[in-house]
Amino acid sequence: MKLVILGGGGFRVPLVHNALDDHITELVLHDVDAGRLDAIRAVLRGGPPVTATTDLDEALRGADFVFSAIRVGGLAGRAIDEEVAHEHGVLGQETVGAGGIAYGLRTAPVADRLARRIAELAPRAWVVNFTNPAGLITEVMARHLGERVIGICDSPLGLCRRVAKALRLDDPTFDYAGLNHLGWLQGVHLGAENLLPTLLADDEALTSFEEGRLFGTEWLRALGVIPNEYLHYYYSTREALGDNRGAFLLAQQQRFYDGQVDWETTRLEREATYMAEERERDSLEGGGYEHVAMSLMRAIADNEKATLILNVPNNGTLSTLDDDAVVEVPCEVDATGARPLPVSPLPDHAAGLVTSVKAVDRLVMEGTRPAALKAFALHPLVDSVATAKRLLDTYARRHPELAYLR
Ligand code: G6P
Ligand code: MN
């Protein structure tokens with residue numbers, strides 16, 4: 001099978017390459033930046049024959065799988081997203097709040113063009129979307145690719161693995177639902193038994209994993225569910241203001257792309273930043289993005305039923321959203337694709353947040369200035385229309401890709 005990676009010059013591509021198995025007999029890396037492609041190509045060892053190209057059409061022809069992992073505007077764009085938000089006193093995270101809106105506005109038109117091209121040149125291909133903001137971008141691509149595009153994220157899998165470990169369970173089923181980076185774990189089931197209340201009552205187990213420490217025992221008991229780590233930006237917005245991770249990663253990775261530091265050293269440095277923050281990253285233990293993508297690919301290619309938490313059209317799963325809204329829920333996957341499994345209804349506050357953020361995503365997808373203004377102004381983490389207007393103007397001036405909003 002032929003696999004194409006869009007964003008093939010990205011720093012994490014070697015991790016994906018390492019995770020490939022013998023299903024893949026041909027790997028094509030595509031990127032708009034030839035220099036980055038060369039730098040990544042040079043660190044890949046072993047595996048299937050690899051070609052690298054900046055010609056999209058050539059890359060896509062005959063593809064069986066396409067992994068879309070692009071970053072429009074690069075890490076420099078992410079740094080601007082953060083900086084501008086901070087200047088205006090609001091949250092500037094990569095995918096959440098004003099920063100996430102700016103990133104979505106840059107990325108949606110590009111994802112739309114890519115999806116059209118894939119639908120034309122590789123209509124049989126399964127498309128796995130890694131590109132953030134992943135839920136929104138999957139929904140953009142689904143307009144052309146339908147159920148052939150499936151969005152992935154490592155954070156729900158990471159949460160579930162950590163919870164299973166805290167409960168010392170091998171293979172429970174997880175009642176998880178929401179949007180990408182906006183989900184909640186509402187149950188951990190072993191047969192008819194739900195073990196989440198047991199976990200919530202146990203201080204030691206609860207503080208043995210990242211989300212337990214991040215949210216704290218009292219808040220988790222009050223909530224009665226375990227939020228995805230990204231809910232930190234909603235529940236602790238004040239404390240989360242001012243993070244400059246984009247600028248930091250840009251400086252760190254630039255040294256690799258400039259040939260000053262090797263890839264492995266840079267990867268270890270990056271992982272050390274997670275450890276320093278006590279965040280467990282599953283790339284350390286084999287559960288990162290690349291492994292979710294490979295599990296998905298194998299389930300499809302071998303028609304082996306698997307249950308994975310994925311970003312797919314709602315189709316009735318969450319009652320407050322329409323059928324086309326892409327949601328992040330457990331899915332049954334086989335050769336025919338991914339279908340959402342039933343989940344518990346979300347708690348009221350969570351359903352409210354999901355509905356608000358989906359409305360913002362849809363405004364971002366519209367791609368006009370009035371819709372973009374509404375997106376910033378109506379996001380739950382932006383508290384003023386005047387600020388929203390200044391954010392829009394500043395982002396449109398600072399990001400060349402947002403010239404269409406000036
Ligand atoms: C997790 C999220 C990704 C996000 C990444 C950021 O893996 O699921 O969606 O892009 O973290 O990590 P970074 O090291 O770039 O801050
Ligand atoms: Mn993610």
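User: How many of the residues of helix 6 are buried?

Analyst: Helix 6 is mostly covered, with 10 of its 12 residues buried, where buried means that 20 or more other C-beta atoms, placed from the backbone, lie within 10 Å of the residue's own. A helix here is a DSSP run of H or I with at least four residues, numbered from the N terminus. The model is predicted, so local features need pLDDT of at least 70 and side-chain atom pairs 80 or more, while totals for chains, interfaces and linings use all residues. Residues are numbered from 1 along each chain as its sequence is written, and chains are lettered from A and ligands numbered from 1 in the order written.

User: Which ones are buried?

Analyst: Among them are Ala134, Gly135, Leu136, Ile137 and Leu145.

User: And what follows helix 6?

Analyst: Helix 6 is followed by Gly146, whose phi is positive, near 55°.

User: At what angle does helix 5 pack on helix 6?

Analyst: Helix 5, residues 97-121, and helix 6, residues 134-145, pack at about 30°, with their axes (lines fitted to C-alpha atoms over the stretch in contact) 8 Å apart. Helix 5 is therefore roughly parallel to helix 6, a term for angles under 35 degrees.

User: Switching topic, which residues are around ligand 1?

Analyst: With a C-beta atom within 6 Å of the ligand as the cut-off, the residues around ligand 1 are Glu94, Asn132, Cys153, Asp154, Ser155, Arg245 and Leu249.

Note on methods
Axes are lines fitted to C-alpha atoms, for helices over the stretch in contact, and angles run from 0 to 180 degrees between N-to-C directions. Helices (H or I, at least four residues) and strands (E, at least two) are DSSP runs, numbered from the N terminus. Angles under 35 degrees count as roughly parallel, over 145 as roughly antiparallel, 65 to 115 as roughly perpendicular and the rest as oblique.
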